Amino acid sequence: MSEVLVLGGGMVGVSTALALQAAGRDVVLVDRKPPGRETSYGNAGVIQSEAAEPYALPLAPSMLLKIAFKQTNDVNYHLSALPSYLRPLLAYFRSSLPARHKALSGVYSKLTRRATEDHAPLIAAAGADNLILRNGLRIIHRSQAAFEASVNDAERMARDYAIALRIETSAELDAAEPHLKPVLAGAIHWPDSWSCVDPGGLTQAYAGLFVSRGGTIALGDANTLEEAGGGWRMTTADGPVTAQDAVIALGPWSPEFLKRFGYTITMLRKRGYHLQFTGGATISAPFLDAETATVISPVREGLRVLTGAELARFDAQPTPVQMQRSTRAAEELLDLGAPVEADAWYGNRPCMPDMLPLAGPAPRHKGLWFHFGHGHQGFTLGPTTANALAETMAGGSAPIPELLPARLRSL
Ligand SMILES: Cc1cc2nc3c(=O)[nH]c(=O)nc-3n(C[C@H](O)[C@H](O)[C@H](O)COP(=O)(O)OP(=O)(O)OC[C@H]3O[C@@H](n4cnc5c(N)ncnc54)[C@H](O)[C@@H]3O)c2cc1C
């Protein structure tokens, strides 16, 4: 019998497997695909140590109206999905009220502050330094008014959370990123954030490290998991596997999976799209074009253009309206080159309405552990919350107690 089964081979599951292995446990990691092929592949690859405050629901009536009338590229929604989003949106609204959001940010900032230092030893041991850029993240602005408002907010964040910040005028931005077309007012530069030119590749490199340290990876369907003899058993392509503990790290698929065990998890999935381009301009660091809700990241292929959030049923067909707008916006800023794929990739940010990941014991099943709900920053936070979970599983007091108690008891 192995000691722990980790279900899900995204950044969160692979990091969990490594953290438990480092704590001396015998771990089998199971996914229906090879590691790093889903959300942990398609993201923007930013290791966001600057993201001290999780993304709140915008509360300004003007913004809510824009969203309702589809006048902004930040959010798109499918009408048919709205009934299923009602409950998560209400809970998200409550968590986004200023006092609550401030308290949540106090917890969140403790996590994001540790992100790069928790990735660093894994990057080194996995030999993945060639995938990492340490040039920060930029938020660029086209209009002077929006830039000035953003500068005020960034200066407040830098002060409140002790994050390094540079404000770049349009000339300074031009010097830093000479390929950007000069249509911009300036940029907020968070120099200490890192990024990855191949997010799926980094997840795979971490999985390779796990195997080189004696871990086992198997292909299998999480839905075969069942309680057996005081522990857990599941079927994999290599045969049945049993373990004392099982960690659920299925990202956006976690709520559906856990229904079978009687848990109702309210998750607010925010779909996002990307398209990649090759042979165009180069940039030294990713940036968010704030006015068009478009992220452009440097990747192995060239450039990856990504969208904001879409509220859609999990199985709904893609509606790449945001992708089209973001591509047009990106073309205004850079020579993108030629598209790599015909169709946009899409996946779901596994957001919890209270914006904190869940990392702790399932309330009603001995040896079952939850580790999901990392929302906009799972690529950033995988190693950090994995270390926290491994400490909790080892019986230590939880290093970040807010990730656990009342929230889990209420499920
Ligand atoms: C457009 C976009 C941009 C983003 N940009 C960033 C960013 O710049 N920085 C950042 O930190 N985060 C970013 N994110 C968020 C980040 O990608 C996610 O939070 C993170 O990847 C979640 O990791 P995970 O391991 O929980 O989930 P996943 O990577 O989705 O892994 C879940 C795994 O579970 C497996 N699985 C599912 N069901 C089963 C089953 N029945 N049996 C077996 N296996 C199963 C899947 O195959 C998958 O491998 C972005 C997300 C999107 C969509």
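Predicted model: local features only at pLDDT ≥ 70, side-chain atom pairs only at ≥ 80, totals over all residues.

User: Which side chain does R138 join in a polar contact, and what is the distance?

Analyst: Residues are numbered from 1 along each chain as its sequence is written, and side-chain values use heavy atoms, with hydrogens and water left out. A polar contact is a pair of N or O atoms within 3.5 Å; within protein, one must be able to donate a hydrogen and the other to accept it, and residues adjacent in sequence count only if both atoms are side-chain atoms. The side chain of R138 makes such a contact with that of E177, at 3.5 Å.

User: Is R138 buried or exposed?

Analyst: R138 sits in strand β6, residues 137-141; strands (E, at least two residues) and helices (H or I, at least four) are DSSP runs numbered from the N terminus. Buried means under 20% relative accessible area, exposed over 50%, and partly exposed in between, with a 1.4 Å probe and protein chains only. At 5%, R138 is therefore buried.

User: Why does A162 count as exposed?

Analyst: A162 is found in the loop between α7 (144-161) and β7 (166-169). It counts as exposed because its relative accessibility is 71%.

User: What is the relative accessible area of V197, and which residues does V197 contact?

Analyst: V197 lies in the loop between β9 (194-196) and α9 (199-212). Its relative accessible area is 14%, so V197 is buried. Contact means heavy atoms within 4.5 Å. Leaving aside neighbours within four places in sequence, the contacts of V197 are N130, L131, L133, P298, V299 and R300.

User: What is phi of A293, and what is phi of M355?

Analyst: A293 is in the loop between β15 (287-289) and β16 (294-299), and M355 is in the loop between β20 and β21 (358-361). Neither residue is a glycine, yet phi is positive in both. The value is near 50 degrees for A293 and about 65 degrees for M355.

User: Which residues touch the most other members of the largest nonpolar core?

Analyst: A nonpolar core is a set of buried Ala, Val, Leu, Ile, Met, Phe, Trp, Tyr and Cys residues joined through side-chain atoms within 4.5 Å. The largest one has 51 residues. Those touching the most other members are V6, L20, L202, Y206 and V247.

User: Which residues come nearest to the ligand?

Analyst: There are 35 residues around the ligand, counting a residue as near if one of its heavy atoms lies within 4 Å. Elements that each supply at least two residues of this shell are α1 (11-22), α2 (39-42), β20 (345-351) and α12 (378-393). The nearest residues are D31, T39, S40, A222 and T380.

User: How far is a polar side-chain atom of T380 from an oxygen atom of the ligand, and what share of the ligand does the protein bury?

Analyst: The T380 atom lies 2.7 Å from a ligand oxygen. Taken alone, the ligand exposes 1,000 Å², an accessible area from the Shrake-Rupley method with a 1.4 Å probe. The share of that area buried by the protein is 97%.
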